[in-house]
Amino acid sequence: MVTISGDVAIQTTGAITFLNNARLEITPGSSLTVYCADNVTVDNDAQMNMNTGDPRVLRLILTGTSRKVDVKTRSRLVGQVYNQLGSLEVSGQGNDHSQFFGTFRGQSLIQLDKSRIRGDVATGS
């Protein structure tokens with residue numbers, strides 16, 4: 001588990017992957033902004049920011065071209081995703097499906113199988 005405390009910014013030139021029950025939690029009053037030049041994958045029961053339920057405290061900003069944020073296999077992501085030149089794909093399997101809660105700005109939004117997407121109009125994005 002990764003716990004974020006304070007207002008944190010991370011920049012990476014590689015991919016970000018949360019797998020196999022991995023957790024990203026953000027403490028009350030904190031926030032995380034991630035600048036990623038490659039793909040972001042949340043897979044196999046992983047969770048990002050589910051502890052707050054507030055998309056405003058997690059911002060994923062993809063800076064590369066043709067990049068993808070992929071939420072799949074019973075995973076959950078709460079945040080604001082900015083992927084101007086790429087996509088957000090949410091897919092699920094079986095009875096327990098992947099879910100995205102928040103806002104998305106990008107080229108394409110793909111929802112597959114039994115996944116769920118819940119937009120957050122309160123953020124104004």
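Reader: Happy to start! What should I keep in mind about the numbering and the model?

Author: Residues are numbered from 1 along each chain as its sequence is written, and this is a predicted model in which local features need pLDDT of at least 70, side-chain atom pairs count only at pLDDT 80 or more, and totals for chains, interfaces and linings use all residues. Side-chain values use heavy atoms, with hydrogens and water left out.

Reader: How many helices and strands are there in the chain?

Author: Helices (H or I, at least four residues) and strands (E, at least two) are DSSP runs, numbered from the N terminus. Here the chain has zero helices and 12 strands. Its radius of gyration is 13 Å, close to the 14 Å that the globule rule gives for 125 residues, so the chain is as compact as a globular protein of that length. That radius is taken over C-alpha atoms, and the rule is 2.2 Å times the number of residues to the power 0.38. The C-alpha trace spans about 35 × 30 × 30 Å along its principal axes.

Reader: Which strands pair with β5?

Author: Two strands pair if DSSP finds at least two bridges between them. Strand β2 (residues 7-12) pairs with β5 in the parallel sense over six bridges, with Val34 in β5 as the bridge partner of Ile10. β5 and β8 also pair in the parallel sense, over five bridges, and Leu32 stands opposite Leu58 in β8.

Reader: Why is β5 described as largely enclosed?

Author: Look at burial: buried means under 20% relative accessible area, exposed over 50%, and partly exposed in between (1.4 Å probe, protein chains only). Five of the six residues of β5 are buried, so the strand is largely enclosed by the rest of the structure. Across the chain, buried residues make up 44% of the 125 residues.

Reader: Which residues have the most contacts inside the largest nonpolar core?

Author: A nonpolar core is a set of buried Ala, Val, Leu, Ile, Met, Phe, Trp, Tyr and Cys residues joined through side-chain atoms within 4.5 Å. The largest one has 23 residues, and Met48, Leu58, Leu60, Val69 and Leu77 have the most contacts inside it. Its largest share, four residues, comes from β10. Contact means heavy atoms within 4.5 Å; not counting residues up to four places away in sequence, Leu77 touches several residues, including Val71, Gln99, Phe100 and Phe101.

Reader: Now for charges. Where does Asp45 lie, and what is its salt-bridge partner?

Author: Side chains of opposite charge can pair when their charged atoms come close. A salt bridge is a side-chain nitrogen of Lys or Arg within 4 Å of a carboxyl oxygen of Asp or Glu. By this rule there are six salt bridges. Asp45 forms one with Arg74, the closest N and O atoms being 3.1 Å apart. Asp45 lies in the loop between β6 and β7 and Arg74 in the loop between β9 and β10, so the pair ties together parts that are 29 residues apart in sequence. Asp45 also has a positive phi of about 70° although it is not a glycine.

Reader: What is the nearest side chain of opposite charge to Asp43?

Author: Lys and Arg count as positive and Asp and Glu as negative, while His and the chain ends are not counted. Asp43, in strand β6, is buried yet has no salt bridge; the nearest side chain of opposite charge, Lys72, is 4.2 Å away.
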